[in-house]
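This report is for a reader new to the structure shown below. It takes up single residues, then helices, then the chain as a whole.

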Amino acid sequence: MSEEEYTNISSVSSNILNRRYEYAAGLFFQREDLEQAISDLEENDFPMKQLTIVAGKSGNNSGIADVITATSQYYDFVISNIPDDIANYYNHRLDADNYLVVLHGTGIFLAAAQYILHRHQIHDFAIFRPYLVSSKTFPNNDRAISVST
């Protein structure tokens, strides 16, 4: 097996294993709602290292404990597999000084988090699945794993 073939197979294996992890994102229009949601997530043992808060233009994310924070100019939506049109909408809302919550985890964790976040007035919540591998990755390999995109 050539190094290129090994690299391609490793890439596919890694993508397949990581498909069980998803991203979710939604907006909070009020900081108080955001803080209550974070507190509720903590009380329910959501892994806080899998939560990122993106603050709007003012960058007012100080004092939000135990979470990763970023300002809108530094957040890369591509990493979270958020489509461009939705990322543009989120950026528009961040320009209005709203807060974007981005979570990463298994479907079960995200479903539990979604329930909690909806109790605290999250808006435009959506779950994003990682990009899937297609047979185009291996054009000359009939044993390639094929998943529709």
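This is a predicted model: local features need pLDDT of at least 70, side-chain atom pairs count only at pLDDT 80 or more; totals for chains, interfaces and linings use all residues.

Arg-31 belongs to helix H2, and its side chain is joined to that of Glu-35 by a polar contact of 2.7 Å.

## Helix H2

Helix H2 has 13 residues, and its first and last C-alpha atoms are 18 Å apart, close to the 18 Å expected at 1.5 Å a residue. Besides Arg-31, the buried residues of H2 are Asp-33, Leu-34, Ala-37, Ile-38, Asp-40 and Leu-41. The elements that cover these buried residues include S1, S2, S4 and H4. After H2 comes Asp-45, which has a positive phi, near 60°.

## Helix H3

Helix H3 runs over residues 84–95. Its 12 residues should span 16 Å at 1.5 Å a residue, and the C-alpha atoms at its ends are 16 Å apart, so the two values agree.

Which residues of H3 are buried? They are Ala-87, Tyr-90 and Leu-94. These residues cover an arc of only 60° around the axis, and therefore lie on the same side of H3. Asp-85 and Asn-88, on the other side of H3, are exposed. The buried residues of H3 pack against S1, S2, S4 and strand S5, which covers 123–128. H3 is followed by Asp-97, and the phi of Asp-97 is positive, near 65°.

## Leu-27 in strand S1

Leu-27 is placed in strand S1. Its relative accessibility is 0%, so Leu-27 counts as buried. Leaving aside neighbours within four places in sequence, Leu-27 is in contact with Tyr-89, Tyr-90, Arg-93, Tyr-99, Leu-100, Gln-121, Ile-122, His-123 and Asp-124. Asp-124 is 97 residues from Leu-27 along the chain, yet the C-alpha atoms of the two are separated by 6.2 Å.

## Two nonpolar cores

The largest nonpolar core has 21 residues. Those with the most contacts inside it are Phe-28, Leu-34, Leu-41, Leu-51, Ile-53, Leu-103 and Leu-117. At least two residues of this core come from each of strand S1 (21–28), helix H2 (31–43), strand S2 (51–55), strand S4 (99–106) and helix H4 (107–119). Apart from this core lies another, of 13 residues, which includes Leu-27, Tyr-75, Ala-87 and Tyr-90.

Not counting residues up to four places away in sequence, Leu-103 touches Glu-22, Tyr-23, Ala-24, Phe-46, Gln-50, Leu-51, Leu-110, Ala-113, Leu-117 and Phe-125.

## The chain as a whole

The protein chain holds four helices and five strands. Along the sequence they follow the pattern α-β-α-β-β-α-β-α-β. Among contacts in the protein chain with a separation of 6 or more, 70% are between residues 24 or more positions apart.

How much of the chain is buried? Of its 149 residues, 39% count as buried.

Terms used: Residues are numbered from 1 along each chain as its sequence is written. Side-chain values use heavy atoms; hydrogens and water are left out. A nonpolar core is a set of buried Ala, Val, Leu, Ile, Met, Phe, Trp, Tyr and Cys residues joined through side-chain atoms within 4.5 Å. Buried means under 20% relative accessible area, exposed over 50%, partly exposed in between (1.4 Å probe, protein chains only). Contact means heavy atoms within 4.5 Å. The expected span of a helix is 1.5 Å times one less than its number of residues. The arc is that of the directions from the helix axis to the C-beta atoms. A polar contact is a pair of N or O atoms within 3.5 Å; within protein, one must be able to donate a hydrogen and the other to accept it, and residues adjacent in sequence count only if both atoms are side-chain atoms.
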